[in-house]
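Hi,

Here is the structure I promised to pass on. Have a look at it first, and my notes follow below.

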Amino acid sequence: MPKKNFSQSNFFLIFSYKGYLIRRLAVDLIWIAIPTTILCTIHELGHVNIESNFTLPGLMGAILGILLVFRNNTAYDRWWEARKVLGGLVNTSRNYALQINQLLPDSKEKTEILNLIAAFPYVLKEHLRSGVIYIEIEFVGEEISNELKKWEHVPNGINQLIIKRLKTVYERGEITDFQYLKLIENSDELIDIMGKCERIHKTPMPQSHNYLLKAYIYIYAIIMPLGLIENLEWWTIPAVIIIYYVAMSIVTISEEIEDPFGKDPNDLPVDNIANNIYKNIQEIINK
Amino acid sequence: MPKKNFSQSNFFLIFSYKGYLIRRLAVDLIWIAIPTTILCTIHELGHVNIESNFTLPGLMGAILGILLVFRNNTAYDRWWEARKVLGGLVNTSRNYALQINQLLPDSKEKTEILNLIAAFPYVLKEHLRSGVIYIEIEFVGEEISNELKKWEHVPNGINQLIIKRLKTVYERGEITDFQYLKLIENSDELIDIMGKCERIHKTPMPQSHNYLLKAYIYIYAIIMPLGLIENLEWWTIPAVIIIYYVAMSIVTISEEIEDPFGKDPNDLPVDNIANNIYKNIQEIINK
Amino acid sequence: MPKKNFSQSNFFLIFSYKGYLIRRLAVDLIWIAIPTTILCTIHELGHVNIESNFTLPGLMGAILGILLVFRNNTAYDRWWEARKVLGGLVNTSRNYALQINQLLPDSKEKTEILNLIAAFPYVLKEHLRSGVIYIEIEFVGEEISNELKKWEHVPNGINQLIIKRLKTVYERGEITDFQYLKLIENSDELIDIMGKCERIHKTPMPQSHNYLLKAYIYIYAIIMPLGLIENLEWWTIPAVIIIYYVAMSIVTISEEIEDPFGKDPNDLPVDNIANNIYKNIQEIINK
Amino acid sequence: MPKKNFSQSNFFLIFSYKGYLIRRLAVDLIWIAIPTTILCTIHELGHVNIESNFTLPGLMGAILGILLVFRNNTAYDRWWEARKVLGGLVNTSRNYALQINQLLPDSKEKTEILNLIAAFPYVLKEHLRSGVIYIEIEFVGEEISNELKKWEHVPNGINQLIIKRLKTVYERGEITDFQYLKLIENSDELIDIMGKCERIHKTPMPQSHNYLLKAYIYIYAIIMPLGLIENLEWWTIPAVIIIYYVAMSIVTISEEIEDPFGKDPNDLPVDNIANNIYKNIQEIINK
Amino acid sequence: MPKKNFSQSNFFLIFSYKGYLIRRLAVDLIWIAIPTTILCTIHELGHVNIESNFTLPGLMGAILGILLVFRNNTAYDRWWEARKVLGGLVNTSRNYALQINQLLPDSKEKTEILNLIAAFPYVLKEHLRSGVIYIEIEFVGEEISNELKKWEHVPNGINQLIIKRLKTVYERGEITDFQYLKLIENSDELIDIMGKCERIHKTPMPQSHNYLLKAYIYIYAIIMPLGLIENLEWWTIPAVIIIYYVAMSIVTISEEIEDPFGKDPNDLPVDNIANNIYKNIQEIINK
């Protein structure tokens with residue numbers, strides 16, 4: 001079931017989309033164009049004979065290909081792992097709410113726990129960005145809101161509050177020993193999910209890979225004209241720019257998607273996911 | 001154990017099958033043929049000398065290859081993951097039915113739960129398409145059908161109804177505390193499976209990869225003739241079309257299989273799976 | 001620890017082994033040889049100048065390489081996954097038998113359950129082929145044999161019979177509530193393993209990949225001579241056949257190993273595994 | 001943290017190491033050198049013009065590359081999976097010993113169980129080789145040693161003996177029902193680990209891949225000189241030998257590491273692991 | 001969300017970073033430069049005609065590419081697996097502390113257990129390096145510190161101490177049988193994590209791969225000039241050095257990241273992770 005048919009109308013989309021990347025790479029493209037232009041000028045005006053060698057760019061290109069494949073795949077793997085973790089967040093939240101709804105008799109604690117579960121995704125996503133936005137979770141009530149503000153690590157705080165309420169319910173004898181520990185397991189899973197998000201968010205690629213790849217693309221763009229200039233003459237400049245742009249766009253997209261919790265066009269729809277969980281839990285409570 | 005022997009009779013099949021893709025790509029092929037034809041006409045009739053350069057298409061081709069491999073593999077991985085999830089649906093449903101059948105004494109609730117388990121795959125598959133088809137699950141009875149119609153998220157609804165009935169049985173003292181929680185774990189798994197299907201269905205590939213790949217194939221198809229026209233002359237046009245077609249067919253198939261819950265020829269046999277589960281559960285009940 | 005040292009004597013083995021594939025691909029090789037021979041004849045006898053172009057086969061070849069890698073890896077992944085699942089079958093059967101042997105007091109039910117566990121692998125393997133061979137499992141006794149014959153899905157039937165007997169033992173109070181559910185978990189695992197085997201067996205590769213790959217190999221074999229004929233003349237025919245044969249042998253092996261439960265030379269030793277499980281369980285019972 | 005700095009002194013190591021592989025491949029290298037030498041002699045002395053064609057070896061080389069990557073990766077994957085399984089053996093043994101040490105009151109059974117756990121890795125490793133070496137596990141005492149000698153599948157025997165002793169302890173009422181089943185779970189895990197080792201040990205690669213790869217390397221080494229002889233003349237012989245050697249060394253290493261439980265230089269340090277587990281368990285017992 | 005925008009200012013960073021690798025590879029680069037320089041000198045001054053052959057380096061280069069991809073990917077996979085294991089350490093520690101804090105009544109044991117959990121990451125990281133630094137975990141108190149010093153395998157010691165204290169609490173009747181075993185499961189997980197770290201730390205790559213890859217890069221760097229010298233003349237020397245440097249930098253980085261528990265610039269931030277766990281546990285205790 002293809003999401004979109006690739007019809008003729010796509011061509012406009014493609015170029016409008018590329019505009020976004022062109023803006024990001026504009027400065028680089030100038031830096032790449034300058035040495036190529038100088039080389040072309042020397043070659044054309046000064047009638048200097050430049051050694052044309054196809055083998056050297058070919059070897060460099062092969063190693064570059066290895067590194068580009070590696071960069072692209074690892075970035076995508078993180079993106080997809082992040083998506084799986086968020087999918088786990090959806091499932092765990094639904095299960096937790098369903099179980100709480102079934103096992104606990106109606107009480108102030110029950111309502112609060114269900115609200116806290118619904119608040120967790122909102123808190124987690126902003127914890128991974130710049131800081132919790134309390135306006136998003138005002139449905140938990142002012143009292144809980146104030147308690148959470150005391151925590152530096154707010155998602156941990158939410159779990160602590162849930163567990164405290166579960167303990168109260170348990171001590172009132174409304175759930176059995178076994179049910180109590182079963183319910184807490186869901187909190188363990190929420191902490192697990194949180195930890196995985198933090199891992200993906202906080203661990204950049206090994207810096208060496210990042211720097212080397214960029215350095216090699218740049219060196220390659222400097223060497224490449226030597227193999228093209230005899231044939232293409234002035235056309236070498238757009239040719240080099242296209243190759244540089246294509247290679248660099250893979251690097252740039254990889255950098256965007258490897259930490260997918262932000263608000264870039266390629267990031268995951270974290271806000272939608274939080275809203276959906278909220279809606280699902282509301283539906284569970286109301287029926 | 002090969003499914004089909006590749007004998008001479010396959011050749012007809014191959015071309016009939018390709019017809020399906022040719023229809024999908026027809027408009028694109030025209031768009032690609034036009035610039036190539038113009039170029040050929042200029043070259044042949046105007047006797048203009050076009051710079052032939054083999055290196056440039058080669059470099060572009062390598063990067064294109066990287067992106068095609070990536071596109072193909074990630075799409076297949078989703079398809080296969082979806083297949084695994086559906087396999088899990090088969091297993092969980094069978095187990096759930098077997099356990100309910102064993103542990104619960106005969107009662108109205110038992111029959112209803114078994115029906116609800118059998119209905120879940122039908123509901124899930126249409127939830128991933130356009131909306132539940134109640135005619136498929138009329139075996140659950142009108143009463144339950146009406147209850148389900150109140151839910152926006154029907155698969156969640158089914159689980160809620162199952163858990164409610166289990167609670168009734170538990171409160172009547174027909175199963176122990178421990179058995180009750182064991183049985184509910186199966187519902188957790190069904191929710192888990194549902195969440196995974198939703199994840200695969202709702203998360204398209206990062207848009208940037210999609211657009212860039214198509215854009216690069218197009219750019220490549222424009223540049224490619226420069227390297228072929230000196231040798232192939234008018235034969236450049238079919239050559240370019242073949243290469244474009246082969247590359248684009250990989251992209252098109254990838255788009256089809258990355259969301260495999262639809263009714264395309266490459267999608268998973270979701271309807272058959274639902275029917276098989278239904279039959280298996282019937283056999284378990286009757287014996 | 002290499003299984004076999006690759007000494008000079010291997011060369012005979014290699015060619016005898018290839019004979020097996022050559023028989024499978026014989027018809028195809030004729031179909032490929034005909035157009036190439038016609039082309040060569042035109043070229044050699046008619047002194048027609050054929051445009052030699054190295055780039056076109058090179059581009060096609062790269063895309064073909066992508067698809068061959070993909071085909072080969074996915075087929076092997078299934079084969080290895082199937083091997084893991086069968087390994088799981090060995091472990092689960094051993095564990096199940098060990099636990100039954102330890103926890104249950106001697107009784108008719110205990111013997112029957114142990115026999116049923118030993119029968120499961122035999123039943124499963126033939127269920128994946130053409131139908132259960134009752135002579136293989138006659139050790140379960142005639143009574144159980146007849147009961148199993150009533151089932152369409154025999155592996156499901158075996159599990160049902162095991163669980164029934166466990167229930168009898170439980171109701172006699174010979175095992176606790178907790179032990180009962182622990183033991184049943186093993187049956188869940190057997191059903192899980194069965195489901196995984198069925199998934200691998202029943203899901204062929206997306207048809208589109210299969211057809212396209214074969215079509216492209218064929219098209220490639222037609223185009224390839226254009227790039228070779230100027231240099232190789234009549235030697236083009238064996239050259240094309242070798243390349244075609246090598247590519248097609250990868251496809252053919254992939255088709256064989258992707259459904260590894262049959263009796264092809266590359267399939268898994270399913271019968272041996274079933275026999276080993278039987279022997280292990282006998283040893284557990286007797287000591 | 002690199003294990004070894006690659007300094008100039010490594011060069012000697014490299015060549016000494018390669019000596020090991022050269023011995024293994026010596027016979028093959030002669031077989032490869034003969035046809036190449038004949039070809040060179042004909043070319044040089046007979047002044048026969050040999051058709052030089054670069055494309056054919058290139059195509060063959062690409063497919064060969066695919067198969068070499070595949071061979072290398074699957075062999076390494078097994079090696080690493082085996083390492084993970086052995087890591088699991090370390091963990092499970094430690095945990096098992098820690099729990100036994102904590103939960104069981106001092107008794108003859110406790111000591112015996114701890115000894116049996118420590119003996120399991122020794123027994124497993126030799127079970128995967130040629131047969132258990134009883135001298136290695138004499139610390140279990142003569143009585144148990146004799147009991148084990150009755151078993152054909154000794155690792156299974158050890159587990160059976162452990163479970164028997166646990167049952168005795170349980171029947172004396174020294175551990176609860178729940179603790180008993182928790183402890184047995186560790187034995188299940190040991191059986192699981194054993195099963196995984198057996199799977200890796202007993203399942204060679206699909207024979208077809210193995211034979212084809214070697215056959216293609218040989219065919220390739222025969223065809224390759226055609227593309228080199230015009231330029232390299234007598235130097236063709238060392239060139240072909242180097243290429244053949246490099247390709248074959250990958251195959252040879254893959255064969256060594258895909259079954260890593262032996263005593264080859266590339267195999268896993270199975271004996272050290274068994275010794276470490278023994279030492280860890282001694283430390284746990286003594287403190 | 002890209003970590004860093006690749007702007008023009010990056011160019012300085014790239015070269016400063018490369019300086020780090022250049023130092024590491026300096027000796028090698030000299031060894032590579034000498035034979036190339038000799039070859040160039042012979043060619044230029046002696047007017048000796050050197051056979052230029054493009055095919056041979058191309059074939060070698062392809063196989064080298066295979067090995068470089070393999071080396072790079074396996075090293076990164078270990079690095080990322082290590083990161084996941086450390087992420088698991090964070091989660092397990094948090095969960096353990098949360099559960100201890102909730103389930104145990106205030107007592108000397110509770111405080112000690114929480115301290116021991118917080119000490120575990122510090123002990124683990126130095127256990128993987130050269131030996132535990134007791135100054136880092138002085139918050140556990142002198143008494144426990146002295147007890148730990150008796151252990152050779154200190155992380156095992158910490159777990160033993162935790163379990164001992166849990167047993168005391170259990171025997172005082174402050175937690176139930178079920179809670180006791182649930183809590184101990186966390187210790188099992190800590191031992192599991194420790195085992196995984198040890199596996200990654202102690203298992204170098206198969207030595208054969210390591211040596212062969214380096215040997216092939218060196219051989220390749222010796223052969224490569226033959227294909228370049230006709231065109232590039234004296235420029236062959238920098239060309240060979242660049243290619244050698246690029247290939248070797250991948251190997252060097254791979255060696256650094258495959259054992260990521262050290263203090264190299266590319267290693268994981270193990271110290272920060274230990275500090276964060278400490279802070280999180282403090283926050284859990286204080287609220």
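This is a predicted model: local features need pLDDT of at least 70, side-chain atom pairs count only at pLDDT 80 or more; totals for chains, interfaces and linings use all residues.

A definition before anything else: the expected span of a helix is 1.5 Å times one less than its number of residues. Helices here are DSSP runs of H or I with at least four residues, strands are E runs of at least two, and both are numbered from the N terminus.

Residues are numbered from 1 along each chain as its sequence is written, chains are lettered from A and ligands numbered from 1 in the order in which they are written, and side-chain values use heavy atoms, with hydrogens and water left out.

In chain D, α5 (residues 154-171) has 18 residues and runs 26 Å from its first C-alpha to its last, close to the 26 Å expected. Of those 18 residues, 13 are buried, so α5(D) is largely enclosed by the rest of the structure. (Buried means under 20% relative accessible area, exposed over 50%, and partly exposed in between, using a 1.4 Å probe and protein chains only.) After α5(D) comes D:G173, with a positive phi near 75°.

In chain A, the end C-alpha atoms of α5 (residues 154-171) are 26 Å apart, which agrees with the 26 Å that its 18 residues should span. Here 13 of the 18 residues are buried, so α5(A) is largely enclosed by the rest of the structure. A:G173 follows α5(A), and its phi is positive, near 80°.

On chain A as a whole: the secondary structure is 9 helices and 0 strands. Of its 287 residues, 64% count as buried. Taking contacts (heavy atoms within 4.5 Å) between residues at least 6 apart in sequence, 76% join residues at least 24 apart.

The UniProt record, an unreviewed entry, annotates "transmembrane region" at residues 21-42, 54-70, 211-229 and 235-253 of chain A. Positions are in the numbering used here, feature names are shortened, and such annotations may be inferred rather than shown by experiment. In the model, residues 235-253 of chain A are 95% helix and 0% strand, with the end C-alpha atoms 27 Å apart.

How do α3 and α9 of chain A pack? Helix α3 (residues 108-128) and helix α9 (residues 270-286) of chain A cross at about 180°, with their axes 9 Å apart. (Axes are lines fitted to C-alpha atoms, for helices over the stretch in contact, and angles run from 0 to 180 degrees between N-to-C directions.) That makes α3(A) roughly antiparallel to α9(A), a label used for angles over 145 degrees. The contact residues split into 11 nonpolar, 1 polar and 3 charged. Ala, Val, Leu, Ile, Met, Phe, Trp, Tyr, Cys and Pro count as nonpolar, Asp, Glu, Lys and Arg as charged, and the others, Gly among them, as polar. On the α3(A) side they include A:L114 and A:Y122, and on the α9(A) side A:I277 and A:I281.

D:N95 lies in helix α2 (residues 55-103) of chain D and is buried, at 7% relative accessible area. Beyond its neighbours within four places in sequence, D:N95 is in contact with E:D188 and E:I191. B:K263, by contrast, is exposed at 64% relative accessibility; B:K263 sits in the loop between α8 (236-257) and α9 (270-286) of chain B.

Cheers

Notes: Angles under 35 degrees count as roughly parallel, over 145 as roughly antiparallel, 65 to 115 as roughly perpendicular and the rest as oblique.
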